[in-house]
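Dear colleague,

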Amino acid sequence: MDRRDFNRMLALSGGFAVASQIIGNGNILPEAWAGETVAPIMARFPQKTDMILLTDRPPQLETPLKYFETDLTPNDAFFVRWHLSGVPTSIDTRTYRLEIGGAVKKPLSFTLRELQTKFSSATTVALCQCAGNARSLFVPRVAGGQWGFGAMSNARWKGARLKDVLNAAGVQTSAIQVGFKGLDTAPIPQLPVYQKSLSIERALDGDAILAYEMNGSPLPMLNGFPVRLVVPGWYATYWVKALSTITVLDQPLKTFWMDTAYRVPDNAGAEETPQSLATKTVPITSMSLHSIFVRPTAGEQLRAGQPYSLQGVANDGGSGIRKVEVSTDDGKTWSDARLGNDLGKLSWRLWRMDWTPPGKGTFKLMVKAVSNDGAEQVTAQWNRSGYQRDVIESVEVVAI
Amino acid sequence: MRTRALFVAKLLIVFGVAMTVAAAAQQPSRPSAKASMAAKGPVHEIELPQYPPDLPDGPNKAAFDQKCLLCHSARYVTMQPRFPKAAWEKTVKKMVDAYGAPISPAEQQQVVEYLVAIRGPEGK
């Protein structure tokens, strides 16, 4: 089956699942729908390499899958997602300040240099993943950023511990949350500025970092220079970029971005159906267990009888990956993949498995991971916002 | 080309003028190599390029250009799958109710008409 036949198959199938799977593997622009095949549009933004363009204003740029063959995602290939078109485009480190205020004994203000020198630094490798990563694979389709699998990236973060900075200011006993705001601004005054909050317990548990370095370099502007909140294990909605204001709160933060957006059904799998939407929702938090193929990509032609290295990545929300299993026969049998370097429980884990297509034909490959806390992936999942995907992924390839 | 695209963007924002978009849409604007690099000194600066999509003609495209492009790129629409009219109505209402978009009920209907024309079940 050549490329044209494959496209025809897609068109005839009319099936979202097939089309979505292709989209998810980054071969087709997210504009594709029900068999439409369009070449992805690549875009080059400042300090970034060629990225898959979702939107240009504000920028939403997806990391091409080829960058997922290494443990750490290069800074220039790290995915980009801003909410408001008032993206900070000029930052003067002489005037930049990180302000800590609210329910604290002593409000503080730090320059970037002070943040780097007044606090001992913490370093952690952590996966940053958009809550809506792989949204384009949800069936029925949902509105929102039509990401494939590339709304995530893995980096080594260095910065001051949030806990240390909060303790320096002295958290008052009335504190229940900590709010975070960056330098991005809304294009119209009515539009709610982007801000998020963590519970005081989460903010003080020692995990979160005020990161001023990723992979040994300052953050690219579009990834949050000069300081980004890193909340390891939690979805990127909390990883506020170009962080400028930290406010300790004795009342819950009231904002569209906590109260309306970034919420999931109040159950373990973030599950609901279009016919029966969950009546209770909660803010999305910890990342789901998930695993994907990086290679091959859907429709890729392999050689019958020739060894091929299947590769991918797996992650969860912080317990770490216990094992990754791969099926090359549509889920009938499963084999353990070899796990790559262990960079800590908050990092993703690369996996690899050698496979030789036994003959010519079409093969459906599947991958699923098991986490250290015993969680397993599911065969189907849906919610109205396309969040927190934890579905067993598959990819169809052709051996010739 | 960059200057021209930026100029067009400003026109859109200030006057809601739409007619010139199609001409500029074919070619994305690119920042110069210099602008792509953050400064080595204290000031870190970038210039964001624009990649406006080639939008199809359709009923009330002017309303779409004027109201929607105020806050975001048309790619927010062109990246979406096709949705039925009810879904587009819900989306436009969300822009007004949740994000405060200044679009009157009559204008909302116009915008929906264009969205359905280009991204409805049988759109272009």
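How many residues of chain A are in contact with how many residues of chain B? In this predicted model, the contact involves 34 residues of chain A and 32 residues of chain B.

On the chain A side, the elements that contribute two or more residues are strand 1 (42-44), strand 2 (50-56) and strand 5 (90-92). Strand 2 of chain A gives the most, with four residues. Sorted by class, the side of chain A that touches chain B comprises 18 nonpolar, nine polar and seven charged residues.

The two chains are also joined by strand pairing: strand 5 of chain A runs antiparallel to strand 1 (residues 43-45) of chain B, over three bridges. Ser90(A) stands opposite Glu45(B), which belongs to strand 1 of chain B.

Turning to chain A itself, the domain assignment gives domain 1 (3-81), domain 2 (98-127 + 145-279) and domain 3 (290-399). The centres of domain 2 and domain 3 of chain A, taken over C-alpha atoms, are separated by 30 Å. Their contact takes 16 residues from domain 2 and 17 residues from domain 3.

Which elements give two or more residues to the side of domain 2 of chain A that touches domain 3 of chain A? They are strand 8 (121-129) and strand 15 (263-265) of chain A. Strand 8 gives the most to this side, with four residues. By class, this side of domain 2 has nine nonpolar, five polar and two charged residues.

With kind regards

Note on methods: Residues numbered from 1 in each chain as written. Chains lettered and ligands numbered in written order. Predicted model: local features only at pLDDT ≥ 70, side-chain atom pairs only at ≥ 80, totals over all residues. Contact = placed C-beta atoms within 7 Å. Nonpolar A, V, L, I, M, F, W, Y, C, P; charged D, E, K, R; others polar. Pairing = 2+ DSSP bridges. Domains from an automatic or database assignment.
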